[in-house]
Amino acid sequence: MAYDLEEQEKIDELKAWWQEHGRLVILGVVVFVVALGGFQGWRYYRDSQALAAGTLYEQLAQAERTGDRKKVWEIADQIVANYGSTPYALFGALSAARASFEVADLAKAKSHLAWAMQHARQDQIRDMARLRLAVVLLDEKNQEALKLVETRPVESMTGLYADLRGDILLAQGNAVEARSAYQLALDKSEAASTYRATIQLKLDALGEATPAVR
């Protein structure tokens with residue numbers, strides 16, 4: 001399973017929503033609080049932090065588009081350090097982990113993903129970080145990878161977890177259980193998804209299932 005196939009599409013959807021709507025939502029809250037003459041001022045501070053984090057994240061997204069990994073790491077670290085309670089910190093950590101994985105800096109990738117898992121408030125983001133951490137551990141041939149994907153994720157990510165579980169089991173020499181995992185991944189994939197063809201190729205490579213002996 002590649003690090004950035006369908007699971008990258010899912011996290012990109014979350015990022016895109018925040019890019020398009022997050023600043024407007026925050027601005028609306030800020031205006032409301034100011035209109036109350038300072039009532040609940042801590043919320044104003046919190047949302048001002050999110051606005052600043054959003055500005056930095058826009059710079060990070062631009063660095064990603066241009067392939068400037070050094071800048072991605074620098075901005076992500078700045079967001080996490082100064083605005084760690086905002087959603088942008090989680091997205092920044094995921095982006096930094098991806099950049100680290102791409103240059104085989106697995107230790108740094110694991111660090112960013114562990115932080116995201118620990119601080120995510122949304123189940124889908126936590127499950128995404130866990131899935132990506134399992135990919136890194138598989139790359140290291142670490143046996144802990146299987147434990148991570150045995151955790152039950154949100155329904156929309158069941159297929160992705162099953163697919164990676166198949167990859168891990170196959171790497172361990174367990175073709176029978178790998179086939180079952182790939183079949184579940186195929187069953188959970190959308191009919192129109194291009195990712196479905198990749199899962200089918202994995203099943204085809206394993207050949208027909210061996211009938212049970214009676």
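# Briefing: aromatic pairs, salt bridges and helices

D167 is buried, with a relative accessible area of 10%, where buried stands for under 20% relative accessible area, exposed for over 50% and partly exposed for the range in between, with a 1.4 Å probe and protein chains only. The model is predicted, so that local features need a pLDDT of at least 70 and side-chain atom pairs count only at pLDDT 80 or more, whereas totals for chains, interfaces and linings use all residues. Residues are numbered from 1 along each chain as its sequence is written, and side-chain values use heavy atoms, with hydrogens and water left out.

**Confidence**

- The average pLDDT of the chain is 82, and 75% of the residues score at least 70; pLDDT is the predictor's confidence in each residue, on a scale from 0 to 100.
- Over residues 21–42 the pLDDT falls below 50, although in the model this stretch has 25 contacts beyond near neighbours in sequence, a contact being heavy atoms within 4.5 Å.
- Where pLDDT is low, predicted coordinates should not be read in detail.

**Aromatic residues**

- The structure holds 2 aromatic pairs, which are counted when the ring centres of Phe, Tyr or Trp (its six-membered ring) lie within 6.5 Å, with planes under 30 degrees apart called stacked, over 60 edge-to-face and the rest tilted.
- One of the pairs joins Y57 and Y88 in a tilted arrangement, with 5.8 Å from centre to centre and 35° between the planes.
- Y57 lies in helix α2 (residues 41–66) and Y88 in helix α4 (residues 87–102), so this pair ties together parts that are 31 residues apart in sequence; helices (H or I, at least four residues) and strands (E, at least two) are DSSP runs, numbered from the N terminus.
- Both partners are covered, since Y57 is buried at a relative accessible area of 2% and Y88 is buried at 1%.
- Y57 also pairs with F91, their ring centres being 6.2 Å apart and their planes at 50°, so that pair is tilted.
- This second link again connects distant parts of the chain, from Y57 in helix α2 to F91 in helix α4, 34 residues apart.
- F91 is buried as well, with a relative accessible area of 1%, and Y57, Y88 and F91 form one aromatic cluster.
- K108 lies over the face of W73, at 4.3 Å from the ring centre, a charge being placed over a ring if NZ of Lys or CZ of Arg is within 6 Å of the ring centre and within 35 degrees of the ring normal.

**Salt bridges**

- The count comes to 11 salt bridges, each defined as a side-chain nitrogen of Lys or Arg within 4 Å of a carboxyl oxygen of Asp or Glu.
- E140 forms a salt bridge with K110, and their closest N and O atoms are 3.1 Å apart.
- E140 sits in the loop between α6 (123–139) and α7 (144–149), while K110 sits in helix α5 (residues 106–119), so the pair ties together parts that are 30 residues apart in sequence.
- E140 is partly exposed, with a relative accessible area of 31%, and K110 is also partly exposed, at 26%.
- D163 forms a salt bridge with K202, the closest N and O atoms being 2.9 Å apart.
- That pair links distant parts of the chain, with D163 in helix α8 (residues 158–171) and K202 in helix α10 (residues 195–206), 39 residues apart.
- D163 and K202 are both buried, K202 having a relative accessibility of 16%.
- K202 forms a salt bridge with D167 too, their closest N and O atoms being 3.0 Å apart.
- K202 lies in helix α10 and D167 in helix α8, so this pair ties together parts that are 35 residues apart in sequence.
- R69, R98 and E102 are linked in a network of salt bridges.

**Helix α6**

- Helix α6 has 17 residues and reaches 24 Å from its first C-alpha to its last, close to the 24 Å expected at 1.5 Å a residue; the expected span is 1.5 Å times one less than the number of residues.
- The helix is mostly covered, with 13 of its 17 residues buried.
- K141, which follows α6, has a positive phi near 60°.

- V103 is placed in the loop between α4 and α5, and V103 is partly exposed, with a relative accessible area of 39%.
- The C-alpha atoms of V103 and R69 are separated by 9.2 Å, although these residues are 34 residues apart along the chain.
- Leaving aside residues up to four places away in sequence, V103 touches R69 and W73.
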